Amino acid sequence: ADMAMYQAKTQGGRCSFFHAALNDSLRERLETERELAHAIAHDELVLYYQPIFDARTLELRSFEALVRWQHPVRGLLPPGEFIAVAEESGQIRELGSWTLRTACAQIAQWKHSGLAPHRVAVNVSALQFRDQHLVTAVQTALSANGLQAHEIEIELTESTLMADNDLAQGIVTSLREIGVALVVDDFGTGYSSLSSLHQWPVDVIKIDRSFVSQIDTSAHHRVLVEATMLVARSLGMQTVAEGVETEAQARVL
């Protein structure tokens with residue numbers, strides 16, 4: 001009955017009856033939760049670094065750290081296979097801390113190898129963002145690897161920023177005070193608007209791939225992207241287009 005109740009809630013308050021598949025789904029979720037805890041503790045997670053290029057010159061500008069799970073049985077798993085479980089179970093805090101530490105260590109390794117330093121953006125979940133120790137964790141990761149604050153970016157979704165204005169403002173201010181750049185991820189998919197951008201001292205906004213994917217075929221999408229870029233530029237922010245997959249999209253951008 002408890003499982004049926006939760007299914008009813010996730011489907012908008014409708015009536016729901018228990019069936020065996022619900023029990024199977026719960027068992028799979030609990031197993032994933034248990035395996036994820038083991039993965040975090042035993043280095044089964046791995047970061048991939050997605051490059052971000054200058055649209056005009058194609059010069060490499062920065063990276064975004066993307067977590068994957070090298071599952072011993074199921075192979076390499078994308079975030080969609082485990083992030084939701086991590087958020088529901090609270091393990092997203094440990095996963096986020098691991099991502100931050102690992103990204104900083106990678107930057108330090110690149111610099112030690114003589115490679116030109118590049119900023120790396122690290123995604124921070126809503127739970128991790130509301131943690132009062134986030135700023136300290138960022139400072140510790142930077143210090144442990146001999147990095148400067150400008151070499152890391154903290155990436156947040158617009159819904160995370162807008163969820164709790166007072167708390168969010170305080171954390172954002174603290175991060176900016178230590179010199180860490182802030183990125184608003186998936187812009188245009190949440191419930192904020194262009195007019196709300198001026199409230200946040202962010203450095204970069206990332207235009208969601210749902211707009212970018214049709215920028216070369218849809219005048220509507222192109223206008224929306226252009227409008228976002230113009231407003232961001234007038235506020236002194238940079239813009240990043242997510243998910244560029246074709247030469248045609250790159251040319252338009």
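Trainee: How many positive and negative side chains does the chain have, and what makes a side chain count as either?

Mentor: The chain has 20 positive and 32 negative side chains. Lys and Arg count as positive and Asp and Glu as negative, while His and the chain ends are not counted. This is a predicted model, where local features need pLDDT of at least 70, side-chain atom pairs count only at pLDDT 80 or more, and totals for chains, interfaces and linings use all residues. Residues are numbered from 1 along each chain as its sequence is written, and side-chain values use heavy atoms, with hydrogens and water left out.

Trainee: Why is the pair of Phe 63 and Trp 110 called tilted?

Mentor: Rings of Phe, Tyr and Trp (its six-membered ring) pair if their centres lie within 6.5 Å; planes under 30 degrees apart count as stacked, over 60 as edge-to-face and the rest as tilted. The centres of Phe 63 and Trp 110 are 5.1 Å apart and the planes stand at 35 degrees, so this pair is tilted.

Trainee: What makes the pair of Trp 69 and Phe 82 edge-to-face?

Mentor: The angle between the planes of Trp 69 and Phe 82 is 90 degrees, with 5.6 Å from centre to centre.

Trainee: Why does Phe 63 count as buried?

Mentor: Buried means under 20% relative accessible area, exposed over 50%, and partly exposed in between (1.4 Å probe, protein chains only). Phe 63 has 12% relative accessibility, so Phe 63 counts as buried.

Trainee: Are Trp 69 and Phe 82 buried or exposed?

Mentor: Trp 69 has a relative accessible area of 0%, so Trp 69 is buried. Phe 82 is also at 0%, and therefore buried.

How values were computed: The place of a charge is taken as NZ of Lys, CZ of Arg, CG of Asp or CD of Glu.
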